[in-house]
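I opened this notebook to record what I looked up in one chain. The entries follow the order in which I checked things.

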Amino acid sequence: GGGFVAPEMTTALIAAVAGTRPAVPGSNNIQDLTQRERDVLSLVGRGLTNGQIAEALFVEETTVKTHVQRILGKLALANRVQAAVLASRLGLIE
């Protein structure tokens with residue numbers, strides 16, 4: 001009969017009351033990325049398409065797609081929007 005609070009909000013609420021910030025999803029695994037994957041993540045964070053990233057890094061677009069999929073898998077992210085947000089929060093965007 002009471003109100004419902006989404007699990008994501010519960011974590012944020014508890015963190016706010018405790019005076020801490022919730023962990024950034026995926027940030028604990030950032031060290032698992034190769035340097036090239038970090039480069040790709042940075043460019044994803046800037047909003048570049050796979051084609052634009054391929055041009056910037058002098059690789060094929062299929063290679064970029066592979067890197068993006070590995071990044072999402074390693075960081076347990078659902079999509080490139082989450083990856084872009086993470087890149088921003090971690091200061092990977094120049």
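Predicted model: local features only at pLDDT ≥ 70, side-chain atom pairs only at ≥ 80, totals over all residues.

**Entry 1: two loop residues**

I began with Phe58, which lies in the loop between H3 and H4. I looked up phi of Phe58 and found it positive, about 60°, although Phe58 is not a glycine. I noted this because most residues other than glycine have a negative phi. I then checked the cover: Phe58 has 76% relative accessibility and therefore counts as exposed, the cut-off being over 50%.

I found another positive phi at Ala76, near 55°, again in a residue other than glycine. Ala76 sits in the loop between H4 and H5. With a relative accessibility of 65%, Ala76 counts as exposed.

**Entry 2: the chain overall**

I listed the secondary structure next and got 5 helices and 0 strands. Read from the N terminus, the order of elements is α-α-α-α-α. I counted 94 residues in the chain, of which 30% are classed as buried. The accessible surface is about 6200 Å², and carbon and sulfur atoms hold 55% of that.

I also looked at contact range. Among contacts in the chain with a separation of 6 or more, 57% are between residues 24 or more positions apart.

**Entry 3: the nonpolar core**

Which residues touch the most other members of the largest nonpolar core? I found Val40, Leu41, Val44, Ile53 and Leu75, in a core of 20 residues. At least two residues of this core come from each of helix H2 (35-45), helix H3 (50-57), helix H4 (61-75) and helix H5 (80-89). H4 gives the largest share, 5 residues. I set a general remark beside this: in soluble globular proteins, nonpolar side chains tend to be buried together.

**Entry 4: H2 against H3**

I took the helix pairs one at a time. The axes of H2 and H3 are 10 Å apart, and the two helices pack at an angle of about 130°. That angle makes H2 oblique to H3. I recorded the crossing of H2 past H3 as right-handed. On the H2 side the contact is made by Arg36, Val40, Leu43 and Val44, and on the H3 side by Ile53, Ala56 and Leu57. I note that Val40, Val44 and Ile53 are also among the core residues that touch the most other members.

**Entry 5: H3 against H4, and Asn50**

For H3 and H4 I found axes that come within 8 Å and cross at roughly 110°. The two helices are therefore roughly perpendicular to each other. H3 makes this contact with Asn50, Gly51, Ile53 and Ala54, while H4 uses Glu61, Val64, Lys65 and Val68.

Is Asn50 buried or exposed? I looked up its relative accessibility, which is 15%, so Asn50 counts as buried under the 20% cut-off. Asn50 is located in helix H3. What does Asn50 contact, leaving aside its neighbours within four places in sequence? I found Glu61, Val64, Lys65, Val68 and Arg80.

H2 and H5 pack with axes 8 Å apart, at an angle of about 100°. I put H2 and H5 down as roughly perpendicular, because 65 to 115 degrees is the range for that label. The residues in contact are Leu41, Val44 and Gly45 of H2, with Arg80, Ala83, Ala84 and Ala87 of H5.

I also looked up Val85, which lies in helix H5. Its relative accessible area is 40%, so Val85 is partly exposed. I checked the distance from Val85 to Arg46, 39 residues away along the chain, and got 9.7 Å between the C-alpha atoms.

**Entry 6: Asn29**

Last, I went to the loop between helix H1 (7-18) and H2, where Asn29 is placed. Asn29 has a relative accessible area of 28% and is partly exposed. How far apart in space are Asn29 and Lys74, C-alpha to C-alpha? I got 6.8 Å, for residues 45 apart in sequence. Leaving aside neighbours within four places in sequence, Asn29 is in contact with Lys74 and Leu75.

Definitions and conventions. Residues numbered from 1 in each chain as written. Heavy atoms only, no water. Core = buried A, V, L, I, M, F, W, Y, C linked by side-chain atoms within 4.5 Å. Buried < 20%, exposed > 50% of the residue type's maximum accessible area, 1.4 Å probe, protein only. Helix = DSSP H or I, 4+ residues; strand = E, 2+ residues; numbered from the N terminus. Contact = heavy atoms within 4.5 Å. Areas by Shrake-Rupley, 256 points an atom, 1.4 Å probe, with all protein chains shown as cover. Axes fitted to C-alpha atoms, helices over the stretch in contact; angles between N-to-C directions. Parallel < 35°, antiparallel > 145°, perpendicular 65-115°, else oblique. Left-handed = near helix turned anticlockwise from the far one by under 90°.
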